[in-house]
Amino acid sequence: MPYKNSQALDQLFANNREWAEGMVAKDPDFFKRLVNQQAPQYLWIGCADSRVPANDIVNLLPGELFVHRNVANVVVHTDLNCLSVIQFAIDLLKVKHILVVGHYGCAGVHAALSDRRVGLADNWLRHVKDVHQKHERYLGDAIPTAKRQDRLCDLNVIEQVVNVCETTIVQDAWARGQDLTVHGWAYRLDTGLVNDLGMSSSSTEEMLERYAKTIKRYDSK
């Protein structure tokens with residue numbers, strides 16, 4: 001007996017078959033290799049927004065990008081979900097790059113900036129509001145709203161890069177000399193391009209130096 005709205009899901013199954021057949025047509029051994037291999041060099045920590053498909057943005061195939069997503073790409077030191085992904089990526093998969101990726105037009109960032117209530121997620125977005133308060137001098141009302149939104153998106157990414165670098169997982173990896181760099185990017189929906197925010201760090205010292213330089217840029221903007 002068909003369940004409610006089954007036709008919508010039927011389309012997804014049809015899409016899946018079409019995709020799988022297309023992959024096999026291009027590469028008959030694609031799925032055979034995929035079953036036996038997961039060796040990504042990258043961990044993507046991004047927003048859950050449906051308009052931000054991680055693999056597509058950087059044109060990587062399944063198996064080439066390890067992904068964690070949540071609302072507004074936040075990294076919290078008590079979030080065992082995110083920390084488990086980071087630990088698995090670093091200790092087991094030996095990724096070489098962690099990409100913290102925000103996106104302009106992020107509804108979570110906008111809600112935090114405007115102090116708009118959205119429900120249970122307000123508790124999660126409190127972390128973005130903390131970023132807003134910390135950098136309030138760069139987000140004054142004299143700045144056009146669109147620019148303030150983009151700026152908070154950048155500042156949120158920058159602070160989340162710091163949070164990643166300060167996890168015990170990353171600290172331990174660096175202490176044992178593991179090849180690992182943490183980056184901060186922002187993706188623009190209307191162009192499909194990513195913006196490097198200048199936070200690429202391979203040590204705590206480098207992170208602190210890049211953080212100071214990156215934040216200083218906003219003094220002149």
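Student: How many bridges join strand 3 to strand 4?

Tutor: Keep in mind that this is a predicted model. Strand 4 covers residues 181-188 and runs parallel to strand 3. Bridges joining strand 3 to strand 4: 8.

Student: And which residue in strand 3 is the bridge partner of Trp44?

Tutor: Look at strand 1 and strand 3, which run parallel and are joined by 5 bridges. Within strand 3, the partner of Trp44 is Leu99.

Student: Why is strand 3 largely enclosed by the rest of the structure?

Tutor: Buried here means under 20% relative accessible area. Strand 3 has 8 residues, and it is largely enclosed because the number of them that are buried is 7.

Student: Where does UniProt place the feature "binding site"?

Tutor: The unreviewed UniProt entry puts the feature at four positions, among them His103 and Asp49. They span 60 residues in sequence, but no two of their C-alpha atoms are more than 8.9 Å apart, so they gather at one spot.

Student: Is Cys47 buried or exposed?

Tutor: Cys47 sits in strand 1, residues 42-47. Leaving out residues up to four places away in sequence, Cys47 touches several others, including Arg69, Val101 and His103. Its relative accessible area is 6%, so Cys47 is buried.

Student: Which residues does Cys106 touch, not counting residues up to four places away in sequence?

Tutor: Cys106 lies in the loop between strand 3 and helix 5. Cys106 is buried, at a relative accessible area of 2%. With those sequence neighbours left out, Cys106 touches Ala72 and Cys47.

Definitions and conventions. Residues numbered from 1 in each chain as written. Predicted model: local features only at pLDDT ≥ 70, side-chain atom pairs only at ≥ 80, totals over all residues. Heavy atoms only, no water. UniProt positions renumbered as here; feature names shortened; annotations may be inferred. Helix = DSSP H or I, 4+ residues; strand = E, 2+ residues; numbered from the N terminus. Buried < 20%, exposed > 50% of the residue type's maximum accessible area, 1.4 Å probe, protein only. Contact = heavy atoms within 4.5 Å. Pairing = 2+ DSSP bridges.
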